[in-house]
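Here is a short briefing on charged side chains and backbone angles. Keep the structure open as you read.

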Amino acid sequence: MPESKRYAENESEYTVVLERYNTVLDELFAGADVYVITPLWTTEAEVPSLQPVTGYWQSLLVEDDPDPEFRTYCHLFAVRQPWRRGCMDELLRDIADDKVAGVLITDTRMQRIHYPYDGGADVFLATSEERYRMRDRHAEWLSSHLSGL
């Protein structure tokens, strides 16, 4: 957001957030299919029965504590869909409001990854040249902090 603001407070600010997300997503995925990968964190190895199994991909043991009550699992769900500008606005708005976290949007070869979060997004690209071009195109969007973060 302008002036390194983290959260939108009104509709015009949400418009800016969604416009920026969609602009970068268009540059990365226009005309292509993407995977939307969503995590579900639990202390159980099994996918909770309350979670629909649509798009279930895999489960990972993240914290292997000897005490089962402190073990942590990340269950990943991946859904393939065609990218169209605006098709994820509801999800992106929830991410901007920190209602949803950990979502990755990637091309089907997983060479370009968009990781949106409250306050911005990280973009992982196949080459440094591609990364520098993306950064330079959107330099005015970077944080005013010296690191750009």
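Predicted model: local features only at pLDDT ≥ 70, side-chain atom pairs only at ≥ 80, totals over all residues.

- Glu 19 and Arg 85 form a salt bridge through their side chains, with 2.8 Å from N to O.
- This pair joins distant parts of the chain, 66 residues apart.
- Glu 19 belongs to helix H1, which covers residues 11-29.
- Arg 85 sits in the loop between strand S3 (72-82) and helix H2 (89-96).
- Arg 85 is also partly exposed, at 39% relative accessibility.
- A network of salt bridges links Glu 19, Asp 26 and Arg 85.

**The pair Arg 137 and Glu 27**

- A salt bridge brings together the side chains of Arg 137 and Glu 27, at 2.9 Å from N to O.
- Here too, distant parts of the chain are linked: the two residues are 110 residues apart.
- Arg 137 lies in helix H3 (residues 128-137), and Glu 27 lies in helix H1.
- Arg 137 is partly exposed, with 43% relative accessibility.
- Glu 27 is partly exposed as well, with a relative accessible area of 30%.

**The pair Arg 135 and Asp 136**

- Arg 135 makes a salt bridge with Asp 136.
- Their closest N and O atoms are 3.0 Å apart.
- That distance counts as a salt bridge because the cut-off is within 4 Å.
- Arg 135 is partly exposed at 40% relative accessibility.
- Asp 136 has a relative accessible area of 48%, so this residue is partly exposed.

- Side chains of opposite charge can pair when their charged atoms come close.

**Positive phi angles**

- Which phi value does Asp 98 have? Its phi is positive, about 60°, although Asp 98 is not a glycine.
- Asp 98 is found in the loop between H2 and strand S4 (104-107).
- With a relative accessible area of 43%, Asp 98 is partly exposed.
- Met 110, another residue other than glycine, has a positive phi near 55°.
- Look for Met 110 in the loop between S4 and strand S5 (113-117).
- Met 110 counts as partly exposed, at 37% relative accessibility.

How values were computed
Residues numbered from 1 in each chain as written. Heavy atoms only, no water. Helix = DSSP H or I, 4+ residues; strand = E, 2+ residues; numbered from the N terminus. Buried < 20%, exposed > 50% of the residue type's maximum accessible area, 1.4 Å probe, protein only.
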